[in-house]
Amino acid sequence: MTLVVTEAIVLHAFDYLESSRIVRLLTRDAGVRSALARGARASRRRFGSALDLFAQGSAELHSKPGRELDTLGAFDATRHRAGLGTHLERFAGAGAIAELALRFGHDAADAGLFDAVARALDELAAAPGDRARDCTLAAGWRILLELGVAPTIDACAECHSAVAVDVPAMFSHPAGGTLCARCAHLARGGRTLPGEARAALRDWLGGESHAIADRQQARAHQRLLREFVREHLADDRPLRAFDAWEHDTLSGASSPEPVA
Ligand SMILES: [Zn+2]
């Protein structure tokens, strides 16, 4: 039995048997871990509200070689991010972020991914409701950047030549971003991104915010992010939380349920 004490964020939680819960955690020092929280359901004394979705704190994980499920000895939450549970768009966005982290994360330390997800959830918890969508978009692209799969915006993804800023340009998911006019001509498909859409991607990947007031534009951005995520995932299992965020199909904002 190995003991790891590490900072962790609860990204998914579901009931297990009569008295326990299983949580999926993104940890700073051990990557994505699944852990059994014995008695978490039967008694609030054991873990209190510490295991609420998107809470962050210090986790005590007991693991055995060859076993995928750790045992959670303790979880001392220091951040609860209550703002995520009080607004549907914030909650749906947080679910999409959690799903990205769980689908791309591995069971190995990745402090960069951990910090990107923690920052994303902090910003989203504090975001006004009408900014939750672009806040989530920004976070999604930054997480991809942290994972090393961000698209090119101002250089051609094929030939690396500069592509003029503020003009429409072809964007190819398989190529990995923007294409110059010559490479776009040779490409078999792609989407033409307006200059404004490229500006938003540039800001988000640069760590800045970029408001998208227009609902149609926001939806086009959600579709673009989803297509790019799909291109880089190793399997084609559904992205349930991402879909719920993109298509506004989540309900029950006042009573957060496990997503992903
Ligand atoms: Zn090119």
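Predicted model: local features only at pLDDT ≥ 70, side-chain atom pairs only at ≥ 80, totals over all residues.
1. A salt bridge here is a side-chain nitrogen of Lys or Arg within 4 Å of a carboxyl oxygen of Asp or Glu. The side chains of Asp154 and Arg198 meet that rule, at 3.1 Å from N to O. Asp154 lies in the loop between helix 4 and strand 6, and Arg198 in helix 6 (residues 195-205), so the pair ties together parts that are 44 residues apart in sequence. Helices (H or I, at least four residues) and strands (E, at least two) are DSSP runs, numbered from the N terminus.

2. Residues are numbered from 1 along each chain as its sequence is written, and side-chain values use heavy atoms, with hydrogens and water left out.

3. Buried means under 20% relative accessible area, exposed means over 50%, and partly exposed is in between (1.4 Å probe, protein chains only). Arg198 is buried, with a relative accessible area of 1%. Asp154 is partly exposed, at 28%.

4. Overall form. The chain has eight helices and eight strands. Its radius of gyration is 19 Å, close to the 18 Å that the globule rule gives for 260 residues, so the chain is as compact as a globular protein of that length. That radius is taken over C-alpha atoms, and the rule is 2.2 Å times the number of residues to the power 0.38. Along the principal axes, the C-alpha atoms fill a box of roughly 60 × 40 × 30 Å. Of the 260 residues, 48% count as buried.

5. Other salt bridges. The count comes to 21 salt bridges. Asp70 forms one with Arg33, with the closest N and O atoms 2.8 Å apart. Asp70 lies in strand 5 and Arg33 in strand 3, so this pair ties together parts that are 37 residues apart in sequence. Both Asp70 and Arg33 are buried.

6. Arg41 and Asp15 also form a salt bridge, with the closest N and O atoms 3.2 Å apart. This pair links distant parts of the chain, 26 residues apart: Arg41 in the loop between strand 3 (31-37) and helix 1 (44-47), Asp15 in strand 1 (residues 2-16). Arg41 is partly exposed at 40% relative accessibility, and Asp15 is partly exposed at 38%.

7. Surface charge. Arg38, Arg46, Lys64 and Arg67 gather in a surface patch of positive charge. Patches are made of residues with over 30% relative accessible area and no salt bridge; like charges are joined within 9 Å, and nonpolar side chains (Val, Leu, Ile, Met, Phe, Trp, Tyr) within 5 Å. Arg67 sits in the loop between strand 4 (56-63) and strand 5 (69-79). Arg67 is partly exposed, at 48% relative accessible area.

8. Backbone points to check. Arg81 has a positive phi of about 50° although it is not a glycine. Arg81 is in the loop between strand 5 and helix 2 (88-104) and counts as buried at 8% relative accessibility. His160 has a positive phi of about 65°, again without being a glycine. His160 is in the loop between helix 4 (132-146) and strand 6 (169-172) and counts as exposed at 63%.

Key
Areas by Shrake-Rupley, 256 points an atom, 1.4 Å probe, with all protein chains shown as cover. Lys, Arg positive; Asp, Glu negative; His and termini not counted. Charge placed at Lys NZ, Arg CZ, Asp CG, Glu CD.
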